[in-house]
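Have a look at the structure first.

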Amino acid sequence: MHFANFVKIRLSPTSLLLLTIFGQTVIMGFAWGFTGGLLFTGVLALPDHIVRLIVEYPTVLTLIVTLISTTLSIATSMFFTFAVKEALRHHLSGPITLFKLRTAIALSRPTWVLRWKSLKLSALTLVVYSVITFLNTSWSTLLLPTLVEWPVTAFGTELDLGSAAFVNQFSTDLNTAQANSVQAPAFQTINVLTLLSGITAVNVQGGVQMSSMFSFNGVSYNQSTGGILPVIEEYSGSSNPPGAAVGLAFSGGQVPVNTSFDWGHLGRDAGTQGISKNYTIIQQGVTANVTCQPIDRSQNEFYVDPIITQGLNSTFFTWEAVVNCSGNLNSLTYFTIGSVGGQMDNTTQGFLPIVVCPSPNSTTFNPYKFDVFMSGLYKYNFLPTTVCEVVPYLTTVNVTYNGGIISVDQISSSSGLTSSPSLPLSQYIAAVMNYQAGSNQAMVKNTIGDFLTAYGTSNVSVMQSELEDYWRGIAEFASTQLRSGYTALGVPSSMTRSTSGTMYITTYGWRSQAHTYILLLVVITIIWGTTILAAGYSLIKEQLNTSDPTFDFSDPVHLIIAASGGRLESQLRDGDGDRTDNNEDITVRFEDVPDKVGRRVSKRLVTVAPEPLPQTAAP
């Protein structure tokens, strides 16, 4: 049953053609509007409650989209075939070959025909058939939502460790009489974390590439903190109020973030969660260039003197490790225990003195760089006296927040952390390392020494590389801890710097794919344009000569009756196999069959005699 049969009782042919133009235009407008909106926004995301349903019932999505696309495809092809058939009905009022009639029937179905003698018409039917067949695929491709990654611009502020306001405030806090007593509880609390921050930062351990996680304040970092503080709410860590333990006293607690998102013209979608989210933010980080090498005794001195105290069952050693680095002195006291005979066991007991020089509390402390001296004794004697030069600096880093883990990648070189001699951050990092140096040594072993022992002691250059990563990791963690404490205290605008980046939401929706959608729109627009032209042609013909639409030349029953009425079978009865193809070149036309009072009651298909060839004059 055809489109016209549904409504022919109530609507005239003109009304049907106008309805066809309107319906096809509405469908085409929807396709262009949807695609235009998508090209304008870049991404159209479905609401979260629909995304959750899709994740829970994935096959239902395919079913619903298939039903919608099939409905639109049927409507589009129905309007197209009706308009084409009406145009051909008016065109068939004159003489036409049987093959052209066959072609007209194929175009109104649509289907395709193939005749080598009429390749152009055959190609036309193939093109129309292909376009109509491609319709359902076009609509499905256009309407089916897929997993998309939706970028949303992020911006905010963070504490600027290089700002003049912070430098002045931090310097004042460090130089107060209570500074050491304020820092001591925090240093004791995070002592183990400081050690772990150095160990996890070692990229190659014993010649093997490593990937470690470090956690502080409820936040997980990939290998090292990079000296940054999380600026994304769900990655900000602990929600416990820090109380009075802020600033230099900070050891953990809630740290506020100040990051917003620009949803643009999609403000109604603000807060979309999608299936998952990750972030890439440009932030300020702190790191250090660390270079470890054997001591140059022409410039530096490092010696260790023991004071032996004999006990009942053991011997106590009080060591004073003294460093002279280019005229600057610093020392650190250690305690170990040995046998009753006054010896330490070279296989089970070890001593690894570490001293920072110049002293962080010294007036001669160099804010541009400082050195860490270390030397292995007893079971750690595989490590010769080594000097690690530490040069801290501010840097710009690309921070990735993904899967609950923060990864920091440096994207710029030194930005001059120590551009001012009054800058105290380098002094703070040195103080953390100095505290760590003393706390790592126990009575019979040293944590750093055991770490080096565990990952091989045969290659000094490998150990030096591990120590470089170790001290760099501590420098970065100390900066993160400091940044956390002062951010928890509250950051005035004079101490802030801007951050920027992108939040990527993985969800279901549509992403602009210009080339694909343009191809689909070309198909839909061609069908719309052909429909409008065919319907317009029929409307003009209908105004010039009203016809009866009850005869359908593509209906087999109507065609059989018309052929029988015109006794067309007598022209074809004697045809053989060789003449079958030639019969399609017979010219025919449809004639009205009137009743007794002259009203048309049917049509018949009759042959048209070929025009006689012009006669030539007799000689």
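Searching the whole structure turns up seven salt bridges, where a salt bridge is a side-chain nitrogen of Lys or Arg within 4 Å of a carboxyl oxygen of Asp or Glu. Before going further, a word on the source: this is a predicted model, in which local features need pLDDT of at least 70 and side-chain atom pairs count only at pLDDT 80 or more, while totals for chains, interfaces and linings use all residues. Residues are numbered from 1 along each chain as its sequence is written, and side-chain values use heavy atoms, with hydrogens and water left out.

| Pair | N to O distance |
|---|---|
| E86 and R89 | 2.6 Å |
| E158 and R497 | 2.9 Å |
| R472 and E476 | 3.3 Å |

Start with E86 and R89. They sit three residues apart in helix α4 (residues 58-91), which puts about one helical turn between them. Buried here means under 20% relative accessible area, exposed means over 50%, and partly exposed is in between, using a 1.4 Å probe and protein chains only.

The side chains of E158 and R497 also meet in a salt bridge. E158 is in strand β3 (residues 146-159) and R497 in strand β19 (residues 496-511), so this pair ties together parts 339 residues apart in sequence. E158 is buried at 6% relative accessible area, whereas R497 is partly exposed at 22%.

Over in helix α12, R472 and E476 are four residues apart, again about one helical turn. E476 is buried, with a relative accessible area of 5%. D469 joins R472 and E476 in a network of salt bridges. A475 lies in α12 as well, which spans residues 460-489, and is buried at 0% relative accessibility. A475 is 50 residues from L425 in sequence, with 10.0 Å between their C-alpha atoms.

Now for the cysteines. How many disulfides does the structure hold? There are two, a disulfide being a pair of cysteine sulfur atoms within 2.5 Å. C292 and C388 form one, with the sulfur atoms 2.0 Å apart. C292 is in strand β9 (residues 276-294) and C388 in strand β17 (residues 386-402), so the bond ties together parts 96 residues apart in sequence. The S-S torsion is about 110°, so this disulfide is right-handed. Both ends are buried: C292 at 5% relative accessible area and C388 at 0%.

The other disulfide joins C325 to C357, S to S 1.8 Å. It links strand β11 (residues 315-325) to strand β14 (residues 354-357), with the cysteines 32 residues apart. C325 and C357 are both buried. Counting bonded cysteines along the chain, the pattern is 1-4, 2-3.

One last stop is L114, in the loop between α5 (98-108) and α6 (119-143). L114 is partly exposed at 44% relative accessibility.

Definitions and conventions. Helix = DSSP H or I, 4+ residues; strand = E, 2+ residues; numbered from the N terminus.
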